Amino acid sequence: MVFLGSRSRLRAAVIAAAVGAGVLTAATPAAAAGTRAYLVITAPGATASAKTAVAGNSGTVFSSYDAIGVIVAHSSATDFASRMRTVSGVQKVGATRTSDVPAAAANPAIPDAKTQQAPTTTEPVQPDMSQIGADKAWAVNPGSPTVTVGVLDTGVDDLHDDIKPNFVAADSASCAYGKLDTRTGAWRDVDKHGTHVAGTIAAAKNGRGVVGVAPGVKIAAVRIAEPTTNLFFAENTICAMVFAGDRGFAVTNNSYYTDPWLFNCPDNADQDAILEGVKRAVAYAEGKGVLNVAAAGNENYNLANKTRDTTSPNDSTAVQRNITNACLSVPTEVSGVVTVSAIGSTNRKAAFSNYGTDKIHVAAPGERVLSTVPGGGYSQFDGTSMASPHVAGVAALLKSANPTATPAQLRQLLATQADDLSCTDSRCVGTTAKNNFFGEGRVDAFAAVDTGTPPPGKTFENTTRVDIPDNAPAVTSSITVTGVTGNAPATLKVGVDIQHPYRGDLVVDLIAPDGTAYSLSNRSGGSADNIVQTFTVNASSEVANGVWKLQVRDAASSDIGYLKSWKLTF
């Protein structure tokens with residue numbers, strides 16, 4: 001399923017196909033019937049007189065972000081924006097929604113803590129993690145606990161067995177409605193989306209459930225979705241970005257767009273204020289050392305060739321409108337943000353993923369991604385919302401390996417280390433090195449931490465000689481593995497030393513504790529002597545601890561030999 005959470009929404013029809021023959025109309029908010037929210041923008045640090053003017057023009061100051069010159073004002077006056085635009089020192093004013101501010105904004109409820117189901121007892125390596133080399137990265141550097149990734153989303157279930165070890169409550173909050181709320185639990189998930197994202201980034205490597213890209217880093221939740229609607233308005237994003245900068249997050253993940261406009265156009269006064277406010281907040285966060293990562297969107301839309309929007313505003317009644325490339329999805333298309341498209345297991349662009357020349361920076365898995373959901377469970381979701389946290393996780397690994405790296409340097413490392421992906425259909429333009437589907441390519445978690453030195457691993461060895469009878473039933477040698485957490489790796493090393501003339505006579509298998517056989521050599525090598533070789537086996541579906549066996553059979557007559565030794569390296 002494509003998860004139904006703001007940036008993750010897959011529209012009922014692709015934009016280009018949904019337009020039909022309808023008449024295009026201007027997208028103008030209806031007159032306020034109740035209280036509406038507005039951004040009032042001044043020069044940074046110069047909000048004082050504008051705050052006074054808000055009160056003098058039938059409004060109230062709900063919150064303010066003085067360092068970037070952004071005030072969030074509420075008013076029920078239908079002419080509030082037009083009056084404020086005439087105030088000296090006010091640069092822009094715009095409504096952030098076409099619906100009334102919920103009454104709950106005055107006294108937000110704290111989301112309930114979810115009852116947790118019993119933890120799982122296995123921890124298989126997920127295909128998406130192997131696809132980006134995360135399983136190899138964990139053995140080198142799983143991420144530093146000094147690195148915090150902010151999940152700006154629907155909230156996070158901090159009680160989940162796979163989230164709890166890495167969750168930082170002191171750096172978590174709610175920014176729903178555009179005002180910071182640091183009460184305990186305000187950050188909790190009002191849906192499933194944010195918890196799923198958090199698990200992909202940094203689910204703990206604890207032998208249970210799933211493992212995130214960077215299981216050693218910390219997670220903080222900044223809830224920006226409002227309950228019931230699950231919408232992410234501009235004031236919420238601004239609040240969260242400023243908080244991320246002030247708290248010193250290394251990375252933020254943004255798997256959403258700022259509602260209610262899929263694209264904000266600068267020739268519309270309201271949307272122009274949204275563009276300015278979010279741009280300033282993103283720049284503020286980056287100026288404090290934050291790398292911001294965002295999902296490209298799920299409309300299968302060419303972001304470099306915008307023509308129409310039929311889905312906005314999504315908080316009232318959507319209308320059809322002509323748009324141009326000057327109209328931007330935010331924060332996705334804001335300068336400095338790393339924009340992520342989604343790929344499937346075969347490295348093709350996911351059917352739903354947005355794309356565009358110089359719009360997509362990198363790509364990551366976004367189909368059938370298994371991750372955490374509230375209440376201790378796990379689910380598979382699709383979406384660029386699922387691709388973006390893979391990149392946020394890789395960025396966290398990069399920051400762990402390069403603690404003094406700036407956001408600009410992290411962006412460059414993500415690009416240069418990405419694995420090139422070639423075009424997969426006729427809409428794809430560019431080169432294998434860089435194109436409009438995948439940008440610089442698929443992110444590489446292992447490259448982010450690779451030092452060139454083979455990672456240490458636990459080794460178990462059996463040096464007892466076992467004779468191999470000529471043309472006879474198989475013989476076995478056993479190794480008992482203990483003290484290894486979770487499952488075996490996808491790169492289990494099996495070192496074999498078999499002394500035997502004419503190695504082509506031999507059939508050699510690794511037998512897992514559950515009886516599964518993995519073929520190492522099946523009468524290969526011809527007339528050459530001996531098998532002294534290290535094989536790599538993807539044993540990630542097997543519990544590591546238990547009795548492993550090497551099984552050897554001489555399948556032809558005339559030559560005899562023996563198993564000298566063998567070993568397993570985890």
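This is a predicted model: local features need pLDDT of at least 70, side-chain atom pairs count only at pLDDT 80 or more; totals for chains, interfaces and linings use all residues.
1. A quick word on names before you start: a strand here is a DSSP run of E with at least two residues, a helix is a run of H or I with at least four, and both kinds are numbered from the N terminus.

2. Two prolines are worth a stop while you're browsing the loops. The peptide bond running from S312 to P313 is cis, and its omega is near -5 degrees. You'll find P313 in the loop that links β10 (308–312) with β11 (319–322). Then there's P331: the bond that joins V330 to P331 is cis as well, with omega near 5 degrees. P331 sits in the loop between β11 and β12 (338–343).

3. Now for the helices, starting with α7 (residues 234–247) and α8 (residues 269–287). Their axes come within 8 Å and cross at roughly 15 degrees. An angle under 35 degrees counts as roughly parallel, so that is how α7 runs relative to α8. The crossing of this pair is left-handed. On the α7 side, the contact is made by A234, T237, I238, M241, V242, G245 and D246, and α8 brings in I274, G277, V278, A281, V282, Y284 and A285. Sorted by class, the α7 and α8 contact comes out as 10 nonpolar, 3 polar and 1 charged residues.

4. From α6, the residues in contact are H193, H196, V197, T200 and I201; from α9 they are S385, M386, P389, H390, A392 and G393. What is the make-up of this contact by class? The α6 and α9 contact holds 5 nonpolar and 6 polar residues, with no charged ones.

5. Helix α9 (residues 384–401) also packs on α10 (residues 407–417), at an angle of about 110 degrees and with the axes 10 Å apart. Angles of 65 to 115 degrees count as roughly perpendicular, so α9 and α10 fall under that heading. α9 goes past α10 in a right-handed crossing. The α9 residues in the contact are V391, V394, A395, L398 and K399, and they meet L410, L413, L414 and Q417 of α10. By class, that gives 7 nonpolar, 1 polar and 1 charged residues for α9 with α10.

6. Last, the largest pocket, with a volume of about 740 Å³. It is lined by 28 residues, and those closest to its centre are D135, A139, K205, P489 and F570. Which helix gives the most to this lining? That would be α5 (residues 134–140), with 4 residues.

Key: Residues are numbered from 1 along each chain as its sequence is written. Side-chain values use heavy atoms; hydrogens and water are left out. Axes are lines fitted to C-alpha atoms, for helices over the stretch in contact, and angles run from 0 to 180 degrees between N-to-C directions. Angles under 35 degrees count as roughly parallel, over 145 as roughly antiparallel, 65 to 115 as roughly perpendicular and the rest as oblique. A crossing is left-handed if the near helix is turned anticlockwise from the far one by less than a right angle, and right-handed if clockwise. Contact means heavy atoms within 4.5 Å. Ala, Val, Leu, Ile, Met, Phe, Trp, Tyr, Cys and Pro count as nonpolar, Asp, Glu, Lys and Arg as charged, and the others, Gly among them, as polar. On a 1 Å grid over the protein atoms alone, a cavity is a set of points where a 1.4 Å probe fits but cannot get out, and a pocket is an open set with protein on both sides within 12 Å along at least five of seven lines; lining residues have an atom within 4 Å of a point. Grid points are joined across faces, edges and corners, and a volume is the space filled by probe spheres set on the points.
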